[in-house]
Amino acid sequence: QVQLVESGGGLVQPGGSLRLTCAASGLALNTYNIGWFRQAPGKERESVSYILSSADGNTAYADSVKDRFTVSSDNAKNVVYLQMNSLKSEDTGVYYCAARTHLTGGHWATKGSYAYWGQGTQVTVSS
C-alpha cells in the first residue's frame, strides 16, 4: 500500500522558516518524481515545487516561491524535503506532496498527472 505522509507544518511568523518532510512507504522515491502543492482557504490547489527522481535531481519552482524555497531528496531515507525560507502570509495553506512515476509525461504542475497524494500539513504564516 502506497502512502505519502507530510510533516513539519506549523505556525511561523513572517520572515521565518519551516522544513516540510514527505515520507513515502510502499514506493521507492528514486523511481518517482515528487511535486509539492499547496491550497489556501477558498483557493485552488497550486503547484509549488518539483524534483525528479533521476540522479541529477533536477528541480522546478513556482515563480512565487523561487529563491525562497528549496526542494531536496534523500533516497536512502525515502523522503523529500521542502525547505521554506522568508515565509510570507500568502504562503499560508495546506501543503501536499504527490508522486508520479518517472515515465509520466506532461508539465509537473498538472495535478491530474500525479498518482499518489499525501494528506497534507498545515502551514500558517502570521504575526
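Trainee: Why is Cys 22 called buried?

Mentor: This is a predicted model. In it, Cys 22 has a relative accessible area of 0%. Buried means under 20%, so Cys 22 qualifies.

Trainee: What makes Cys 97 buried or exposed?

Mentor: The cut-off for buried is under 20%. Cys 97 has 0% relative accessibility, so Cys 97 counts as buried.

Trainee: How do you know that Cys 22 and Cys 97 form a disulfide?

Mentor: Their sulfur atoms are 2.1 Å apart. The rule asks for sulfur atoms within 2.5 Å, so the pair is a disulfide. The count by this rule is one.

Trainee: Which parts does the pair tie together?

Mentor: Cys 22 lies in strand 3 (residues 18-25), and Cys 97 lies in strand 9 (residues 93-101).

Trainee: Why is the disulfide called right-handed?

Mentor: The torsion about the S-S bond is about 70°, so the disulfide is right-handed.

Trainee: Why is Asn 33 called buried?

Mentor: Asn 33 sits in strand 4 (residues 32-39). Its relative accessibility is 4%. The limit is under 20%, so Asn 33 is buried.

Trainee: What does the side chain of Asn 33 reach?

Mentor: The side chain of Asn 33 reaches the backbone nitrogen of Ser 53 at 2.7 Å.

Technical notes:
Residues numbered from 1 in each chain as written. Predicted model: local features only at pLDDT ≥ 70, side-chain atom pairs only at ≥ 80, totals over all residues. Heavy atoms only, no water. Helix = DSSP H or I, 4+ residues; strand = E, 2+ residues; numbered from the N terminus. Buried < 20%, exposed > 50% of the residue type's maximum accessible area, 1.4 Å probe, protein only. Polar contact = N/O pair within 3.5 Å; in protein donor to acceptor, adjacent residues only side chain to side chain.
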